[in-house]
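Subject: A structure for you to explore

Hi there,

Here is the structure I promised to pass on. Have a look at it first, then read my notes below with the viewer open.

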Amino acid sequence: MSLLTAEQVVRSYGKGATEFQALRGVSLQIETGESVAIVGKSGSGKSTLMHILALLDKPTSGTITLNGQPTHSIKAKALNKLRNETFGFVFQQFFLNAQDTVLENVMLPLKIAGLKGSQRKQRALAAIKSVGLESKADNKANDLSGGQKQRVCIARALVNHPKIIFADEPTGNLDSRTGEMIEDMLFKLHKEQQITLIVVTHDPELAQKCERQIEIKDGQVIAEVNDEN
Ligand SMILES: Nc1ncnc2c1ncn2[C@@H]1O[C@H](COP(=O)(O)OP(=O)(O)OP(=O)(O)O)[C@@H](O)[C@H]1O
C-alpha cells in the first residue's frame, strides 16, 4: 500500500468563463521513505499539487488517499489533527511567528497536538538541538539569519515525528551556501529517520538529489524519472 496517492486530481480556480484548471487529472503514488521532487516551470501547478497532497486544499475532483484512507470525507477538525500528526512543512517564506522565540515556534505543533508543557519543552529543545540552534532557543525568530530561520522551520517540521516533510522551495530565499546546508539537513533527516520527503522546486540540482523527479506541465504529469542508485 502506498503512503500517499493522488488519483485523477483536478483543481479548478474560478467559475464559468474565468474557470482555470491548474491541475488536469494528476495521478501519482508516493511510497514510505522516498524522496520525491515535483518540478516544472512557474505556473505549471506544482504548489497547487503540493497543497492538495498535504491536505491543505481539496481537489475539485479526484481522490487523495493517505495510508489507504481516502481523505475527502474527513471533517475539518480531524483533518487538522491528521495533518499536524503526519506532516511537517518547510516553506520558502518560513512562516514563523516573528515575535515568538525559537522555542515557542518549535513547540507550536506540540501545543496543537495537546502535549503537556513540560513534554513540549523537552521535545522542542531536542529538535532545536538536532538542527544546531540550541544557543538560540530563547531568541526571537525575527532576530535570526535566513538560514537559521529555515533551521527553526526544520525543527518545527520535525518535532512531531512526521511521516512526510513537504518542502516548498525550501532554499528559495537563501544564498547558495546556506541553501546547500539546509538541503543537506533535509536529506540527512530523510535518510536517518526514513522521513518521506516531497520537495517542490525550480532548482534542478536540488531535484537531482531526490530519488524521483515528477515533472508537471500545464497541470499534468509529463515525465517521471526514478533514480536506481
Ligand atoms: N487562488 C488561485 N486563483 C486562481 N488561479 C490560481 C490560484 N492559485 C494558482 N492559480 C493558477 O494556477 C496555476 C498553477 O499555480 P501554482 O502556484 O500551482 O504554480 P507553480 O508551478 O507552483 O508556480 P511557481 O513555481 O511560480 O510557484 C497558475 O496559472 C496560477 O496562476
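Let's start with helix 4, residues 117–130. At 1.5 Å a residue, its 14 residues should span 20 Å, and its end C-alpha atoms are 20 Å apart, which agrees. The expected span here is 1.5 Å times one less than the number of residues. Helices (H or I, at least four residues) and strands (E, at least two) are DSSP runs, numbered from the N terminus.

Two notes before we go on. Residues are numbered from 1 along each chain as its sequence is written. This is a predicted model, in which local features need pLDDT of at least 70 and side-chain atom pairs count only at pLDDT 80 or more, while totals for chains, interfaces and linings use all residues.

**More on helix 4**

Which residues of helix 4 are buried? They are Arg120, Ala124, Ala127 and Ile128. Seen down the axis of helix 4, the buried residues fall within an arc of 100°, so they line one face of the helix; the arc is that of the directions from the helix axis to the C-beta atoms. A residue is buried if 20 or more other C-beta atoms lie within 10 Å of its own, exposed if 12 or fewer, and partly exposed in between, with C-beta atoms placed from the backbone. An α-helix has 3.6 residues a turn, so residues three or four places apart point the same way.

The buried residues of helix 4 pack against helix 3 (102–113) and helix 5 (146–158), where contact means C-beta atoms, placed from the backbone, within 7 Å. On the face turned away from that buried side you will find the exposed residues Ser118, Gln119 and Gln122. After helix 4 comes Gly132, with a positive phi near 75°.

**Strands**

Now find strand 6 (residues 87–91), where 5 of 5 residues are buried. Phe87, Phe89 and Phe91 are on one side of strand 6, with Gly88 and Val90 on the other, so to speak a strand with both faces covered. Strand 6 pairs with strand 7 (residues 164–168) in the parallel sense over 5 bridges; two strands pair if DSSP finds at least two bridges between them. Gly88 stands opposite Ile165 in strand 7.

Elsewhere, 4 strands form an open sheet with antiparallel pairing, in the order 2-1-4-5. Its edge strands are strand 2 and strand 5 (69–70), each pairing on one side only. Strand 4 (residues 61–66) is joined to strand 5 by 2 bridges, and Thr65 stands opposite Pro70.

There is also a hairpin made by strand 9 and strand 10, with 2 residues between them; Asp218 in the turn has a positive phi of about 45°. Strand 9 (residues 212–217) and strand 10 (residues 220–226) run antiparallel and share 6 bridges.

**Around the ligand**

What classes of residue make up the shell around the ligand? It has 3 nonpolar, 8 polar and 1 charged residues. Ala, Val, Leu, Ile, Met, Phe, Trp, Tyr, Cys and Pro count as nonpolar, Asp, Glu, Lys and Arg as charged, and the others, Gly among them, as polar. The residues around the ligand include Tyr13, Phe20, Gly45 and Lys46, each with its C-beta atom, placed from the backbone, within 6 Å of the molecule. Helix 1 gives the most to this shell, with 3 residues.

Enjoy exploring!

Note on methods:
Two residues are in contact if their C-beta atoms, placed from the backbone, lie within 7 Å.
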